[in-house]
Amino acid sequence: MSVEITFPIEFIVQGTPVSLQVKRPESRAAWKARVRQASALVLPEGHFSSERSISVTLFYFPVAEMPGDVDNIVKPVLDALSKHVYNDDRQVERVWVQKFEPGKVFEFDGPSETLSEALAGEKPLLFVRLGDDPSEGLT
């Protein structure tokens, strides 16, 4: 039986995101597998990949100042979720990525349970939210 995904979904990936520019492809493959495993914990069993438009939020909480560019963590995450949560990266219409280095974490207005868990959790970690409304939060 196939089940449609009900958005939004949120999950946490423990560890440091691997950049698209990493020299060792096995590191990128291991990170993608970790992202996919973390997403599988919140997806319904027997789900099929969505054909909807997708919005992606990535909040990275490192343990120290991040040495690389925050935009380099996006593509490996999107690739990991392709053919798993959605059919193709082209469905992603909006990406919001932000790093929250120690001492630079802002107050969140009504954080979700998963975001609250991320804020309180052991760092480094990546909070991921996937929605099917690219206009969410825009008015």
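Trainee: What are Lys-32, Lys-75, Asp-79 and Asp-89 linked in?

Mentor: Those four residues are linked in a network of salt bridges. The model is predicted: local features need pLDDT of at least 70, side-chain atom pairs need 80 or more, and totals for chains, interfaces and linings use all residues. Residues are numbered from 1 along each chain as its sequence is written, and side-chain values use heavy atoms, without hydrogens or water.

Trainee: How many salt bridges does a search of the whole structure find?

Mentor: The search finds 11 salt bridges. Take the one between Asp-132 and Arg-52.

Trainee: What makes Asp-132 and Arg-52 a salt bridge?

Mentor: Their closest N and O atoms are 2.7 Å apart. The cut-off is a side-chain nitrogen of Lys or Arg within 4 Å of a carboxyl oxygen of Asp or Glu. So the pair qualifies.

Trainee: Which parts does the pair of Asp-132 and Arg-52 tie together?

Mentor: Asp-132 lies in the segment after β4 (125-131), and Arg-52 lies in the loop between α1 (25-40) and β2 (54-61). So the pair ties together parts that are 80 residues apart in sequence. Such helices (H or I, at least four residues) and strands (E, at least two) are DSSP runs, numbered from the N terminus.

Trainee: Why is Asp-132 called partly exposed?

Mentor: Its relative accessible area is 26%. Buried means under 20%, exposed over 50%, and partly exposed in between, with a 1.4 Å probe and protein chains only. Arg-52, at 39%, is partly exposed too.

Trainee: How do you know whether Asp-88 is buried, partly exposed or exposed?

Mentor: Asp-88 is at 24% relative accessibility, so it counts as partly exposed. Its salt-bridge partner is Arg-90, with the closest N and O atoms 3.1 Å apart. Arg-90 is at 73%, so it counts as exposed.

Trainee: And Lys-104 with Glu-101: what makes their side chains meet in a salt bridge?

Mentor: The N to O distance is 3.4 Å. That is within the cut-off, so the pair counts. Lys-104, at 48%, is partly exposed. Glu-101, at 5%, is buried.

Trainee: How many aromatic pairs does the search find?

Mentor: There are 7 aromatic pairs. One of them is Phe-59 with Phe-100.

Trainee: Why is the pair of Phe-59 and Phe-100 called edge-to-face?

Mentor: The ring centres are 5.1 Å apart and the planes are at 80°. Rings of Phe, Tyr and Trp (its six-membered ring) pair if their centres lie within 6.5 Å; planes under 30 degrees apart are stacked, over 60 edge-to-face, the rest tilted. So the rings pair, edge-to-face. Phe-59 is in strand β2 and Phe-100 in the loop between β3 (92-99) and α3 (113-120), 41 residues apart in sequence.

Trainee: What makes Phe-59 and Phe-127 stacked?

Mentor: Their planes are 25° apart, and their centres lie 5.8 Å from each other. Phe-59 in strand β2 and Phe-127 in strand β4 are 68 residues apart.

Trainee: How do you know whether Phe-59 and Phe-127 are buried or exposed?

Mentor: Phe-59 is at 4% relative accessibility, so it counts as buried. Phe-127 is at 3%, so it is buried as well.

Trainee: Which residues do ring pairs link into a cluster?

Mentor: The cluster holds Phe-59, Phe-61, Trp-96, Phe-100, Phe-106, Phe-108 and Phe-127.
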